[in-house]
Amino acid sequence: MKRRSLPIAAALVASAALLLTACGGDDSGSKDNDKIAGADTGSGTSASPTPSASASTASTDRPKIDLPSDVTLTFTPEQTGDAVKDAVLKDNAEMIRALDAAIVAQNPRLAALEFYTEGEGAVAAEKWVKAFTDVGWTVTGAVRYFDRQVTVSSKDSASLTYCGDESQGFSKVIKTNEVKKTPPNKDSYVAYGVQVQKNKAGVWELVKIQSTRGVDRCQP
């Protein structure tokens with residue numbers, strides 16, 4: 001099942017044809033990286049959804065992100081005990097929540113998504129959401145993000161790696177409510193590499209992201 005990851009590769013275009021493959025379509029030949037424009041190439045606790053962005057301990061007010069009851073995102077770990085790494089993990093989780101909220105709202109320029117993205121990351125996120133809106137699809141089900149690890153490079157730069165379990169997450173046709181289900185397989189598990197930067201307001205914004213399906217370290 002290939003569904004709704006925000007994938008990466010240099011100067012690539014997200015198209016409706018890609019979306020139809022990447023969201024509950026045929027999994028044949030799916031070992032290649034998912035692709036989206038504006039991104040760069042590079043080398044959940046599981047029981048409950050993360051708190052809303054408004055609960056952030058950062059001084060800057062975060063936008064409130066609401067997802068429908070049929071969309072569940074979980075993140076593991078949510079905290080490490082290190083204040084900087086925890087802030088990075090929190091804003092990364094809210095970026096992912098904002099991405100799905102934008103797909104649900106059919107709004108590539110959703111304010112919450114723009115809040116957590118910048119530069120190439122913002123372009124990539126907008127085009128990915130637009131691929132859903134162009135064909136009238138949304139998202140449903142549960143996705144688990146796990147093995148989340150942060151490397152802090154400087155006071156305003158960091159990177160993350162994590163895995164996504166999309167085996168229970170699917171695309172849905174808005175007009176008919178048809179859920180595009182496919183059996184879980186190796187490519188239901190996605191490895192991510194993310195670069196973030198802290199802006200003047202203290203928000204860790206997505207600036208680059210890479211994803212690869214079927215990576216061994218993310219398999220159950």
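A salt bridge is defined here as a side-chain nitrogen of Lys or Arg lying within 4 Å of a carboxyl oxygen of Asp or Glu. The structure is a predicted model, in which local features need pLDDT of at least 70 and side-chain atom pairs count only at pLDDT 80 or more, while totals for chains, interfaces and linings use all residues. Residues are numbered from 1 along each chain as its sequence is written, and side-chain values use heavy atoms, with hydrogens and water left out.

Side chains of opposite charge can pair when their charged atoms come close. By the rule above, the count comes to 14 salt bridges. Among them is the pair formed by aspartate 165 and arginine 144, whose N to O distance is 3.5 Å. This pair links distant parts of the chain, with aspartate 165 in strand β3 (residues 157-173) and arginine 144 in strand β2 (residues 137-154), 21 residues apart; strands (E, at least two residues) and helices (H or I, at least four) are DSSP runs numbered from the N terminus. Aspartate 165 is buried at 11% relative accessibility, whereas arginine 144 is partly exposed at 28%, where buried means under 20% relative accessible area, exposed over 50%, and partly exposed in between (1.4 Å probe, protein chains only).

A salt bridge also joins glutamate 120 to lysine 208, with the closest N and O atoms 2.8 Å apart. Because glutamate 120 lies in helix α4 (residues 120-135) and lysine 208 in strand β6 (residues 204-213), the pair ties together parts that are 88 residues apart in sequence. Glutamate 120 is partly exposed, with a relative accessible area of 36%, and lysine 208 is partly exposed with 22%.
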